[in-house]
Every structure is written in structure tokens, then in C-alpha cells.
Amino acid sequence: MRIFDRRNFLRVAAAASAGSMIMPRMHALALAQEEPTKPVAANDHIQIALIGAGGQGMGDARSAVQVPGVKLVAVADCYNGRLTRGKELWGDDVFTTRDYREILARKDIDAVIIGTPDHWHKQASVDAMRAGKDVYCEKPMIHLYADGPEMIETAHKTNRILQIGSQRVSSVLYAKAKELLASGAIGQLNMVTASWDRNSSLGAWNYTIPPDASPETCDWPRFLGTAPKIPFSAEQFFQWRKWKAYGSGVAGDLFVHLFSGTHFVTGAHGPTQGMATGALRFWKDGRDAPDVMLGLFDYKEGFNLSLRVNFVDGGEESESLIFTGSEGTMQIGWTSLTVSRVPREKEPGLTIDTFPEAMQTQIEEAYRTKYPRTHPEGQPPVGSEKYVAPAGYSDQYDHFKNFFASVRSRKPVVEDAVFGYRAAGAALLSNLSIERHAVVRWDPEAMKLA
Ligand SMILES: NC(=O)c1ccc[n+]([C@@H]2O[C@H](COP(=O)([O-])OP(=O)(O)OC[C@H]3O[C@@H](n4cnc5c(N)ncnc54)[C@H](O)[C@@H]3O)[C@@H](O)[C@H]2O)c1
């Protein structure tokens, strides 16, 4: 609240409009790590295999093999077309199979990327670690809460590297956001607001079903795994996210990214409670996962998190993560981070225009004696800085670079199983809350439902 007389109002309005014309100061961010200068000797290559060669798995493998000294030698998938595509991309000598255990039995494979649907993440990771392989497992780390402790324990017991694939954790933008928050750039953090709006069919998970999809070309029993046994469904095979038996809905697909970003930037371990609401509003095509979901979460670090995912949006597709502090805000987008600082006013302000004029003058004079003007315009300084990722920047590549650095050094990964479980465990509170029509409590330190 400011002093609200006409003189002051005009001054404030002029300063505000001048302020709004100031462009943010731009900064180009440097890459997180320098490229190794020396080529890696062939006998020092890390040999990897891909388990689950769909959209994300193939994207992951393409990023992984760009890291110097990494070679892909095998692919496992339940659909023949993707095994054929694997050979097209990485050569005829790449070993392909429907049964990932054949890959795990090979001595020439050091690490695997797991890009299966969520309901296979735990089993494939545990089997791989027991077979002596390091693992890069896609997010969300878990499908069921019981998956988390088993994966953490197996990584510990087998002494394998297990990294979860929320690539934002390796992003230069998120690293900068973390640094800025810690340096007090936006003051005390009060709230994190994140949203993801999609208005397209692909955004709503209606991925293409190949024309040859059949029980002959798709290993349906292997795809199902522990999911309920039902007759072959090409839709469920290729668009599995739409069903809770294989995926974790909006919460596991998208909220989890927003949780891992929030946890990385703030250093928080997770919410103490969450509540969510959501429903299937638009895509009534047989799916059982909601297409609109809103979640609210409390953090003992002193902030609240609000999340929204909407597949029914009539407008632009957008993703936004905003950190609101006592002195400004920080917004992370796809390629940039913008920090807008509005330091808190050091004076409380007055509401006096309903009082007699003489009294207004009297109050204002006393007020100005107590709070002398610090800025000629009566406005605090307002500043905005924009940090831009290098052109063509890929946080996925950096996430793999970090993974393979740990595979070589045996030092901890950027996103271990504990981090992955804390992010996914928090995200899945939303599904539980909707199911139970209740607030769900979570102990982020013990990683247990409370
Ligand atoms: N990090 C990210 O930004 C990001 C983005 C998209 C997807 N993902 C994650 O990646 C995973 C895969 O998603 P997608 O979009 O690539 O799905 P997809 O359907 O395109 O691919 C999944 C593949 O796994 C195969 N598969 C299923 N069961 C298998 C088994 N037992 N053994 C071997 N292969 C098996 C299927 O045949 C399919 O080809 C999901 O967990 C998803 O959450 C992460």
C-alpha cells in the first residue's frame, strides 16, 4: 500500500510505466561441464544397452551415444518394429531381443537405459543391478510405493549406479536457479507455482499405433508383466499412459518433473502433505487416467507448491515453473530463466484519502519524518534479469554426461534413487488423494506415507 494522494499517484504511475519498458538484462549461460579434450580409447568405452526402445528410450539412447566413449550394443523391446528401427539407427550388428534378460546375461554390457512403461521400471532396474549393470532409469522412478525401497536397497546392496531420468536436475537453467535462490535473489521463498497445459491429441498421449500391431509383432504377455491379464489391445500397448495399470497418469508423467525441479532448486526433500483434485473431462476415449489435475502441497521448508496439468486447454501449450519469494520471482521456461526483483518496501504505507484533508497532511508529515524518502521517485528499484541456455542446449545430454561420469568415477550421481523416489513419491500423492478424497500425508525424510 502506498500513500495515495494525487501527486503521489501520478509519480507512481510514471515510474511504473517507465519501469515496464525496461528490458531484462540478458546473460548467456555457459555449459555445465567442459567437454573432455582427449578422445576415449576404444578399450575404455562404456558399452550400453537400451531396454524399452520407444519414444523416450530411443531419444535417450541417441543422447547417450553422443557422450564421448559410449557405445550402444544391444536393444530389447516388446515390439518387433522397434527392434528393426534399433538396427536402422545403430547398425546391423546391434543385438536385439524381446527378452531383456538376454541382454543382462551379456558380459560386454556395462550399463542399461530403461525406457519401458512405468510398471516395468522397478523390475527391470532391479534385475539389471543384480546382473551387475549400472542403470539409467526413466522417470517416474516408481509405479507403486513399494517399488521405491526395493530399488534404493538394491542399488545399495549391489553397489551399482542408479540414476533416474529427470533431466532438469542436470540443466544449466536449474543450476542457475538454485544458485540464485540460495544467494537470496528473490528473498524468502513462499510459493512455487507450476503448470503444464496441452491442447493437442499428442499432448494427451494419443500416440500413433503402427499398422502391423498384433499379438505376433507385439509381445503382449511380456508387455503386461505384473499388470492385470487382458486380451491384446494395440491401444493399451502403444498408448499405455492412458491406463493406470501401466502408467501413473498426469502425476507420474508430468508432476514428477515439476517436483524434481522444485526439489533440486530448493534442496527440499518433499512435501509433508498433498491434496489433489482431477477428473477425465474431455478425452473420454476409454482411458482411466484424468486429463485435468490440480495439486497442492505443503513443505516444511516454509513454502507451498501448487501444480496444474490440463489436457483440455483451449489455448497455447505451455509449461511454467515460478518461484515466488518475498523480494521477487523466478520463472523457468524451456530455454531461459527470468528473475524479476521487486524488493519489499521498507515503509508500511498509509490509507488516508478517506480522512479530512488537514488530517491527511498531518499524518503524511509525521509519516515522512519517520520514513524519509529513499528514492526520488518514491519507487523502489525494480530489475529483471534473463539467463539464456546456449543455442541447441540439451539437458538430456548433460544428464547422460553426468551419469556416465559417475559410471566411470563410481562417485554419486546427480539424481540417485533417493532423489528419484522423493520426487515420484511426492507426485503420486496426487493420485492417492483423488482416490481417497482426502489429504494424504507423507514423511519426506523417511519416504513413507504417514
Ligand atoms: N524424461 C523425460 O522427459 C521423459 C519423456 C517421455 C517419457 N519418459 C518416460 O520414459 C518411459 C517410456 O515412455 P515412452 O513415451 O518412450 O513410451 P513408449 O510406449 O514409446 O515406449 C515404451 C517401450 O517399452 C517397451 N516395453 C514394454 N515392456 C517392456 C519390457 N518388459 N521389456 C522391454 N521393452 C518393453 C514397449 O514395447 C515400448 O516400445 C516412461 O516411463 C516415461 O515416463 C520420460
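In which loop does proline 140 lie? Proline 140 is placed in the loop that runs between β6 (134-138) and α6 (147-158), where helices (H or I, at least four residues) and strands (E, at least two) are DSSP runs numbered from the N terminus. The structure is a predicted model, in which local features need pLDDT of at least 70, side-chain atom pairs count only at pLDDT 80 or more, and totals for chains, interfaces and linings use all residues. Residues are numbered from 1 along each chain as its sequence is written.

Most residues other than glycine have a negative phi, and most peptide bonds are trans. The peptide bond from lysine 139 to proline 140, however, is cis, with omega near -10°. Histidine 437, in the loop between α13 (417-436) and β16 (440-443), has a positive phi, near 50°. Methionine 447 also has a positive phi, near 55°, and is located in the loop between β16 and β17 (448-449).

Burial was assigned by counting other C-beta atoms, placed from the backbone, within 10 Å of a residue's own: 20 or more for buried, 12 or fewer for exposed, and partly exposed in between. Histidine 437 is exposed because it has 8 such neighbours, whereas methionine 447, with 18, is partly exposed.

The ligand is surrounded by 27 residues, of which the closest are Gly52, Gly54, Gln56, Cys78 and Glu138. Two or more residues of this shell come from each of α2 (55-64) and α8 (220-224), and α2 gives the most, with 3 residues.

Conventions. Near = placed C-beta within 6 Å.
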